[in-house]
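Let's go through this model by question and answer. Have the sequence and the 3D view open as you read.

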Amino acid sequence: MKRSTIAILLLVSSTICIAQEENSAPFFACDDSVVSEDLGSPSVIFFTNVQREALRVNNFFCNQLNNFPDVPPEILDEFGSFLEAAVSSTDFGSEDLNSDVAAAMRIMSGALGEQRSTRFRMPDFDVEEIEDDFDSAFFFSVSVLEENNFVPDEDQRDNCKVRFTGISNQEPNPECLQVFEDLENAINPYKRSYQAMIAGKEEQTFAEISADWSRYFEIARTQTTLDLVLTSWLERSHMRQGFIVGPPKRQWFMLRPNVILQYHDGAPKGDQFKPGVSIEWAGFNYWDDSPLGFPFGLSVTTVYADMPDVDTVGTGLTLHVNNRFTIGWAKHGSDDSFHVSADLLQFMQDKQQQFDKYKSRFERFFD
Amino acid sequence: MTSTPVVLLIHGMGSATPPDPGNNKLGSFGEEFRDSLDKALQQFSGHETDSIENYVTLDEFYYNDKFDLIRNKMAERANDVRTRLDEVQQLFPGGTFLRRFVDQFNSWEEDFGDDEFLYTHWLDVLFYTTYIGGWIRALLAERIAKLIKDHGSKNIHVVAHSLGTAALHDTLAQIYPPGGEPIPGTPAFFSVENDQLETVWMVSNVSNLINTVVGLADPLAPGSTVKPGHGGCTKRFYNVRHELDPFALIRRFKPKNDGNWISFDNFKLRYRAIKNDVILDPNTHSFPQYICDPNVCLPMLRKLMGSSKFRPGKTERDKFIENHASQGLTGAFGRLEDAFRGIDVGDLETLDEFLRAGEAFKDVILEMREELEGGS
């Protein structure tokens, strides 16, 4: 192969590689906000070994997340097994309480080992105070679908307190609640990266939907209260879909008064073009996408304008284009009228002014 | 990122003023919340100069501006039409239905630009029940997602008041699908296993009432995910109402402990129905009055600050409760109760009745306030 050919091939392939690298920039950053030493959480005192493992899992997982959804879930299964072994072997001061903790860890481990394809299962280990009497009564559970609540009684809490008294200089006389909160703070950071990544993606999606709504209220036809109610009713199946949705594709109108400029060909010269009012009896408007490929709407309309020698009231159809311009036709007995919205007239006037400006420049050029 | 808990505040109907996060300033709703809790906290020893903001970050979801935008657009448009209607009025001989209808309707929308109670309060409720509510829910979903991303779901507490309870309920119902599995077409969701919020506080809960119009999700259905515990979107759920708050009476959110909404155990451990009856202000719907009541602020402070940071003894707590009760307006309870008998709020089931009751309630409060001011 000629050297020049090899050089060209190398150049092309390196360009492709650079492009791929640029295009495959990570979408999730394993930065300090999700992998720092303690994730900012309160210091763990009694279960530092658990915390260490949870942080290791979180950090490892974090670095894999840019391969999402092809992230191996095995590390979660391993973490579940670790929790069962490490936490279940801790003595909490009484056999029954130890047994309940072991049961909770089995539930945790079971969930971590049984992963689904749509989203990883990463439940919390929860400790909740029963704050009725402020006496540090509490319960603990795992946030899986299946119900599980473990409520240590007063004796168990006292024995637990005794068991952990003097173990740590940092907290020499902890309540049993504090011991369990320590365990909670040790375990739960394992999921921080994953939750942050998922929430970031969801936030982006919701932001796009919110932006659609903003756009709708900016550019769609302004509605009256009646229009709002009618549209909400007719588009209710869209709004009630069971998830967050963007604006409906269509707007609906009824009994809607508008300002128009009417041209009536039956009126005397000089009186043919007059401002008036129209009432849209019923109509619709595709404000964005439509079967025609551009925003359009149609209404059945009656128009009223003060013109001499003609039937001032006529009924016909109105076409709305691009949410701004309205052009319509109405029948007044044997005469026809046409009407436009004030916006369209302004648009035409602006265009006319522009045309006149160019025309005069052109004419000056030839003078 | 910090592990400091965050409290997301969602205001109700009315003219709350916006927060200014760039300058670290709360809006009026956030200030009411902070000031009410601080006032309570500072009555306990060791916390005389303390503030809840030393323990949590307050984040306000402000959506009033969306309603204002729409209100003003409608008013502007109606004004244009009014001008035109006047010019062509000879075309509408007196007494025609159409001119009367258009006049009536149009003049109502023209008034949207005013700051009257109706247009700043009731219109919010009306707007939310139309498709405009979809915009509010999308924005709230975005905010909740951001907070979960930045703080982790276990650090999030949400406090909603009045119309805010409906917005919160409907949003949570739409972003937490049952069983943690999304239905086809779902663009984004959170898992009831992975992403449970720490607490939800519904203050003067109108979600059940508003759902009769919006129809998104029945708050009391067994399949609802807006509930505490397993299969729910939060670990704890506090439903707060004042005994004489008419908005909380109408089509009340009142789950039964029958194993349907949630299990018996979860009902006992994770759900709190808090009922206040002390009246410091004739406006029993008032948010500050709700928050400063010991039935609310004591568990709230404990939950937000943690058991190791807020640990008043029983004597101190009892004294606090007694002090609060002693500030109640003498005779106010009986007076309001009588007034409500006249309004007949007992069996109100519809939004229309809700609005009419609200107007009557407002008149009673204004009257009582005037009497109080006259007597002081």
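Q: Where in chain B does Asn194(B) sit?
A: This is a predicted model, in which local features need pLDDT of at least 70, side-chain atom pairs count only at pLDDT 80 or more, totals for chains, interfaces and linings use all residues, and side-chain values use heavy atoms, with hydrogens and water left out. Residues are numbered from 1 along each chain as its sequence is written, while chains are lettered from A and ligands numbered from 1 in the order in which they are written. Helices (H or I, at least four residues) and strands (E, at least two) are DSSP runs numbered from the N terminus. On that basis, Asn194(B) belongs to the loop between helix H6 (163-175) and strand S4 (197-203) of chain B.

Q: Is Asn194(B) buried or exposed?
A: Buried means under 20% relative accessible area, exposed over 50%, and partly exposed in between (1.4 Å probe, protein chains only). Asn194(B) has 3% relative accessibility, so it counts as buried.

Q: Which residue of chain B does Asn194(B) contact, leaving aside neighbours within four places in sequence?
A: A contact here is heavy atoms within 4.5 Å. The partners of Asn194(B) include Phe120(A), Arg121(A), Lys191(A) and Tyr194(A) from chain A. From chain B, the list has Ser153(B).

Q: How many charged residues are in the lining of the second largest cavity?
A: Ala, Val, Leu, Ile, Met, Phe, Trp, Tyr, Cys and Pro count as nonpolar, Asp, Glu, Lys and Arg as charged, and the others, Gly among them, as polar. The lining has 2 nonpolar and 4 polar residues. The charged ones number 5.

Q: Which element gives the most to the lining of the largest cavity?
A: The structure holds 4 cavities of 30 Å³ or more, and the largest has about 130 Å³ of space. Its lining divides into 7 nonpolar, 3 polar and 2 charged residues. With 3 residues, the top contributor is H2(B).

Q: How many of the 10 residues of helix H9 of chain A are buried?
A: H9 of chain A covers residues 225-234 and is largely enclosed by the rest of the structure. Its buried residues include Leu226(A), Leu228(A) and Leu230(A), and Leu228(A) also lines the largest cavity. The buried count is 7.

Q: Is Asn24(B) buried or exposed?
A: Asn24(B) lies in the loop between strand S1 (6-10) and helix H1 (28-41) of chain B. Its relative accessible area is 73%, so Asn24(B) is exposed.

Q: Where is confidence lowest in chain A?
A: pLDDT is the predictor's confidence in each residue, from 0 to 100. Chain A has a mean of 83, and its highest element is strand S2 (residues 138-142), at 97. At a mean of 42, the lowest is helix H1 (residues 3-23) of chain A.

Methods:
1 Å grid on protein atoms, 1.4 Å probe; cavity = no way out; pocket = protein on both sides within 12 Å on 5 of 7 lines; lining within 4 Å. Points joined across faces, edges and corners; volume = space filled by probe spheres on them.
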